Amino acid sequence: FELWELLLELLTASGKRAECLSRPSARKAYAKRVLELGLQAATAAVKSRWNAMKDLLADGAREGARLAETMAEINLFLDTYPLAEHLAASVDDANTLHISMLARFA
């Protein structure tokens with residue numbers, strides 16, 4: 001599942017563009033209008049696939065583990081991403097999804 005790699009590339013490239021903006025308010029607006037949609041779409045895609053798995057063992061623990069790893073990688077990246085402060089609700093949603101995935105494995 002390479003979604004996280006694409007998202008991280010998008011956020012990294014977009015973050016470099018945001019650095020060119022001189023005002024913090026402009027960076028915040030850019031993050032909300034451009035980056036947040038990508039993060040929300042990625043989280044929704046993972047959540048949709050995750051929710052489609054009714055029985056983790058029957059549907060394949062490997063796929064479930066891949067989805068959980070995807071969210072772990074996204075969240076690790078967001079922990080140090082400078083613009084994440086402007087995406088608090090979406091970052092929280094990504095963290096919540098990852099925690100719920102881990103709980104389902106327990």
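**Exercise 1.** Find what Ser14 touches, not counting residues up to four places away in sequence.

*Solution.* Step one: look for contacts, meaning heavy atoms within 4.5 Å. Leaving out residues up to four places away in sequence, Ser14 touches Tyr30, Leu35 and Tyr81. Ser14 sits in helix H1; helices (H or I, at least four residues) and strands (E, at least two) are DSSP runs, numbered from the N terminus. Step three: is Ser14 buried or exposed? Ser14 counts as buried because its relative accessibility is 5%; buried means under 20% relative accessible area, exposed over 50%, and partly exposed in between, using a 1.4 Å probe and protein chains only. Step four: check the side chain, which reaches the backbone oxygen of Leu10 at 2.9 Å.

Before you go on, keep in mind that this is a predicted model: local features need pLDDT of at least 70, side-chain atom pairs count only at pLDDT 80 or more, and totals for chains, interfaces and linings use all residues. Residues are numbered from 1 along each chain as its sequence is written, and side-chain values use heavy atoms, with hydrogens and water left out.

**Exercise 2.** Work out the overall layout of the protein: how many helices and strands does it have?

*Solution.* Count the elements and you get 5 helices and 0 strands. Read from the N terminus on, they run α-α-α-α-α. Next, the dimensions: along its principal axes, the C-alpha trace spans about 50 × 20 × 20 Å. Of the 106 residues, 36% count as buried. Finally, take contacts between residues at least 6 apart in sequence: 73% of them join residues at least 24 apart.

**Exercise 3.** Compare the reach of helix H4 with the expected span.

*Solution.* Helix H4 covers residues 61-80, which makes 20 residues. The expected span of a helix is 1.5 Å times one less than its number of residues. Now pick out buried residues in H4: among them are Leu67, Met71, Ile74 and Leu78. Here's a handy rule to go with that list: an α-helix has 3.6 residues a turn, so residues three or four places apart point the same way.

**Exercise 4.** Find the residues that touch the most other members of the largest nonpolar core.

*Solution.* A nonpolar core is a set of buried Ala, Val, Leu, Ile, Met, Phe, Trp, Tyr and Cys residues joined through side-chain atoms within 4.5 Å. The largest one holds 27 residues, and Leu11, Leu35, Leu39, Met71, Leu78, Tyr81 and Met101 touch the most other members. Two or more residues come from each of helix H1 (3-19), H2, H4 and H5. H2 gives the most, with 7 residues. Now zoom in on Leu35: setting aside neighbours within four places in sequence, Leu35 is in contact with Leu11, Ser14, Tyr30, Tyr81, Leu83 and Leu87.

**Exercise 5.** Why does the pair of Trp50 and Phe105 count as tilted?

*Solution.* Searching the whole structure turns up 2 aromatic pairs. In this one the ring centres are 5.7 Å apart and the planes of Trp50 and Phe105 meet at 55°, so the pair is tilted. The rule: rings of Phe, Tyr and Trp (its six-membered ring) pair if their centres lie within 6.5 Å, with planes under 30 degrees apart counted as stacked, over 60 as edge-to-face and the rest as tilted. Trp50 is in helix H2 and Phe105 in helix H5 (residues 88-105), 55 residues apart, so the pair links distant parts of the chain. Trp50 counts as buried at 3% relative accessibility, while Phe105 is partly exposed at 36%.

How values were computed:
Polar contact = N/O pair within 3.5 Å; in protein donor to acceptor, adjacent residues only side chain to side chain.
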